[in-house]
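Work through the exercises below with the sequence and the structure open side by side.

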Amino acid sequence: MGKKYLFFCAHGYAIPILRPLEKEIKQRGGEVAWFLEKTCPDSQLTNEDKVLKTLREVKAWNPLAVFAPGDWVYDFFPGVKVRVCHGYPIYKRGGTVETHFKIRGWFDIYCSTGPSSTPIFQDLEKKLDSFCVYETGWAKVDAIVAARQLSPSSTVPSGFPTKSSFHTPTIFVATTFSKRVTQLRNLLPTIQRLVKKRNWKWVITMHPKLEDDELKTELTQLAKTHDNVEFYPVTPTAEIMAQTDVMLCDASSIIAEYMMLDKPVVTLCNTTPGPHLLNVETPDEVEAALEKAMTRPQELMDAMHEYLDFHEAHRDGKNCARILDAVDDFIANRQHSLRRKPLNLFRKLKIRWKFFKDQHS
């Protein structure tokens, strides 16, 4: 019988992050089960997915490792706790504080992605000595790499319009959820105008944690009344993103994902602008910026590739293999040499109360 693993999902965005890891596990003869918090809808799962709902079921499954694309996991679940990040440390809220690097005492392994994260995690590892850091690359990148290979524009050189003159340019719109940072509401009038004015297609999505029912209704209606608009209430797959040409965004970490498809990004009021983006400060500038992005300027594309190298050092389609190898190495060579984790009694009592409350509601 193969090794068993558990996927812990607190939000909907966790599911597509873990799908490539599931594929690698099954290729190695292993088995996967899912545990979804109430905050994570099950609409992205299928009848073939094994879902565990109780602590008794989790203990009976007895996973070798629990993978969590987030900041926490239940410490009383069996198995090695592995944090696979849910994005990159891009400081989207501005400033110098990044929650990406907060160590809360839940995880045994932190999977880092490259120069933007590995050195910081390694410094914390040396200081605390209660977890191990492995630079594996991000799990979701394997799916992005596969999708890029299918993208019609993946071989278009810089300085030339994406795809051909017979192709209708397609804009992918995505934003973050933080009320202070998100720009989707501010972009909507511009999008509505350009939908009617330009011969462009639009693929629009909302962040799973962006709570704005009115905005969701407006976008749904826009898609219903215009053939050149598609709306996805949850983030579409990398394969769908790969069929678009330019992203319009604010400061979401999905920017790096999209750039890995070798496609340029236009942002409105980005909190950490740089030469890797075409950033504008007002919605009136969006149209011209999108037109410029479609020409794939050489200096923009070069800066974009440098930005990606900083955040994601591994884009060979083997990140999930490295993650599973890290778990095996940790168990065989490093698990028993770590210091005990901080007691964190209040946090542990808090999540236990939450768990048993959810179980009985």
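**Exercise 1.** Locate Leu349 among the secondary-structure elements, and state which residues make a nonpolar surface patch with it.

*Solution.* In this predicted model, Leu349 belongs to helix H12, which covers residues 345-359. Leu349 makes a nonpolar surface patch together with Leu343 and Leu345, and the area of this patch is about 320 Å².

**Exercise 2.** Determine which residues of the largest nonpolar core touch the most other members, and list what Met247 touches.

*Solution.* The largest nonpolar core has 60 residues, and those that touch the most other members are Leu21, Trp34, Phe67, Val82 and Met247. Taking Met247 as the example, and leaving aside residues up to four places away in sequence, one finds that Met247 touches Phe172, Ala174, Ile254, Ile255, Tyr258, Pro264, Val265 and Val266. Another core, of 31 residues, lies apart from the largest one, and its members include Ile191, Leu194, Leu290 and Leu300.

**Exercise 3.** Classify the aromatic pairs Phe35–Phe77 and Phe172–Tyr258, and say which parts of the chain each pair links.

*Solution.* The structure holds 26 aromatic pairs. For Phe35 and Phe77, the centres are 5.2 Å apart and the planes stand at 80°; because an angle over 60 degrees counts as edge-to-face, the pair is edge-to-face. Phe35 sits in strand S2 (residues 31-36), whereas Phe77 sits in the loop between strand S3 (65-68) and strand S4 (80-84), so that the two partners are 42 residues apart. Phe35 counts as buried because its relative accessibility is 3%, under the limit of 20%, and Phe77 is likewise buried, with a relative accessible area of 2%.

For Phe172 and Tyr258, the distance is 5.7 Å centre to centre and the angle between the planes is 20°; planes under 30 degrees apart count as stacked, and this pair is therefore stacked. Phe172 lies in strand S7 (residues 170-173) and Tyr258 in helix H8 (residues 254-259), so this pair ties together parts that are 86 residues apart in sequence. Both Phe172 and Tyr258 are buried.

**Exercise 4.** Decide whether Ala293 is buried or exposed, and describe its surroundings.

*Solution.* Ala293 is in helix H9 (residues 286-294). Its relative accessible area is 0%, and Ala293 is therefore buried. Residues up to four places away in sequence not being counted, Ala293 touches Val246, Pro264, Val266 and Leu278. Glu135 is 158 residues from Ala293 along the chain, and their C-alpha atoms are separated by 32 Å.

Conventions. Residues numbered from 1 in each chain as written. Predicted model: local features only at pLDDT ≥ 70, side-chain atom pairs only at ≥ 80, totals over all residues. Heavy atoms only, no water. Core = buried A, V, L, I, M, F, W, Y, C linked by side-chain atoms within 4.5 Å. Buried < 20%, exposed > 50% of the residue type's maximum accessible area, 1.4 Å probe, protein only. Contact = heavy atoms within 4.5 Å. Patch = residues over 30% accessible without salt bridge, like charges linked within 9 Å, V, L, I, M, F, W, Y side chains within 5 Å. Areas by Shrake-Rupley, 256 points an atom, 1.4 Å probe, with all protein chains shown as cover. Salt bridge = Lys/Arg side-chain N within 4 Å of Asp/Glu carboxyl O. Helix = DSSP H or I, 4+ residues; strand = E, 2+ residues; numbered from the N terminus. Phe/Tyr/Trp six-rings, centres within 6.5 Å; stacked < 30°, edge-to-face > 60°.
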